[in-house]
Amino acid sequence: GRRSYLFCFLDDHSRLLAGYRWAAREDVLNASRALRAGMAARGRPRAVYVDNGSPFVSGQLLRACAVLGVRLIHSTPGRPEGRGKIERVFRTVRDQVLVELADRPPASVEDLNRIFQSWVEQVYHRRVHTETGQEPLQRFLAQGPPPLLTEPALTGAFRWSERRTVSK
């Protein structure tokens, strides 16, 4: 009975869902968790293309990407053409996952994340994509597994930081 938000990071070349997370709030903390989980599992991307929503214009997300050497690119406001691939993924999620959960909704966001992860890894990543003609996981791993980031590197990059000046 509560609203939940899907944060999802899509690999442009393979259409693989690199990082994803359902959350009860649409904020930078949950967006960062999804991106961090994706980087831990699938490696460091060269760039991250996001819209201009409040979770994605945060200085904390910009700092994390800068520390890891990832370009953070924001889409042009009022130009939805650049977001078509991720919007298509959201439509697939609505049509294939959320429809199945309508009769028996998950008890918690954690249950929803567990169910969604199973669907992504067992169905979405293993089904031939109509645009690429390959399975997303197969296409993603075609050049070999990407080098993964270490946990200390991820922890340092996603550590919150704020510059402040003290005055009387």
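Modeller: Leaving out residues up to four places away in sequence, Ala47 touches Val70, Arg71 and Ile73. The model is a predicted one, and everything below should be read as computed from it. Ala47 sits in strand E3. Its relative accessible area is 34%, so Ala47 counts as partly exposed. From Ala47 to Cys65 there are 18 residues along the chain, and their C-alpha atoms are separated by 8.6 Å.

Strand E3 covers residues 47–50, and Asp51 is in the loop between E3 and H2. Asp51 is partly exposed as well, because its relative accessibility is 31%, a value in the range between 20% and 50%. The side chain of Asp51 reaches the backbone nitrogen of Gly53 at 3.1 Å. Beyond four places in sequence, Asp51 touches Phe56, His74, Ser75 and Arg83. As for separation, Asp51 and Val128 are 77 residues apart along the chain, with 27 Å between their C-alpha atoms.

Leu61 is placed in helix H2. With 1% relative accessibility, Leu61 counts as buried; the cut-off for that class is under 20%. Leu61 and Arg159 are 98 residues apart in sequence, and the C-alpha to C-alpha distance between them is 9.9 Å.

Helix H1 (residues 28–42) packs with helix H2 (residues 59–68) at an angle of about 20°, and the axes are 10 Å apart. That angle makes H1 roughly parallel to H2, the limit for this term being under 35 degrees. The crossing by which H1 passes H2 is right-handed. On the H1 side, the contact is made by Val28, Ser32, Leu35 and Met39, and on the H2 side by Leu61, Cys65 and Leu68. Sorted by type, the residues of this contact are 6 nonpolar and 1 polar, with no charged residue. Cys65, whose C-alpha distance to Ala47 was given above, is one of the H2 residues in this contact.

Arg42 lies in helix H1 too. Its relative accessible area is 15%, and Arg42 is therefore buried. The Arg42 side chain makes a polar contact with the side chain of Glu121 at 3.2 Å. Apart from residues up to four places away in sequence, Arg42 touches Leu16, Ala18, Glu121, His125, Leu137, Phe140, Pro146 and Leu148.

Three of these neighbourhoods deserve a further word. Arg15 is not a glycine, yet its phi is positive, about 70°. Most residues other than glycine have a negative phi. Arg15 counts as buried because its relative accessibility is 10%.

Next comes helix H5. Phe140, touched by Arg42, falls within the range of helix H5 (residues 136–140), where Gln138 is also placed. Gln138 has a relative accessible area of 46% and so is partly exposed. In sequence Gln138 and Arg46 are 92 residues apart; in space they are 20 Å apart, C-alpha to C-alpha.

Last, the polar partner of Arg42, Glu121, falls within the range of helix H4 (residues 109–122), whose axis comes within 12 Å of the axis of helix H3 (residues 84–101). These two axes cross at roughly 125°, and H3 and H4 are therefore oblique to each other. Their crossing is right-handed. From H3, Thr92, Val93, Gln96, Val97 and Leu101 meet Leu112, Ile115, Phe116 and Trp119 of H4. The residues of this contact are 7 nonpolar and 2 polar, and no charged residue takes part.

Conventions. Residues are numbered from 1 along each chain as its sequence is written. This is a predicted model: local features need pLDDT of at least 70, side-chain atom pairs count only at pLDDT 80 or more; totals for chains, interfaces and linings use all residues. Side-chain values use heavy atoms; hydrogens and water are left out. Axes are lines fitted to C-alpha atoms, for helices over the stretch in contact, and angles run from 0 to 180 degrees between N-to-C directions. Helices (H or I, at least four residues) and strands (E, at least two) are DSSP runs, numbered from the N terminus. Angles under 35 degrees count as roughly parallel, over 145 as roughly antiparallel, 65 to 115 as roughly perpendicular and the rest as oblique. A crossing is left-handed if the near helix is turned anticlockwise from the far one by less than a right angle, and right-handed if clockwise. Contact means heavy atoms within 4.5 Å. Ala, Val, Leu, Ile, Met, Phe, Trp, Tyr, Cys and Pro count as nonpolar, Asp, Glu, Lys and Arg as charged, and the others, Gly among them, as polar. Buried means under 20% relative accessible area, exposed over 50%, partly exposed in between (1.4 Å probe, protein chains only). A polar contact is a pair of N or O atoms within 3.5 Å; within protein, one must be able to donate a hydrogen and the other to accept it, and residues adjacent in sequence count only if both atoms are side-chain atoms.
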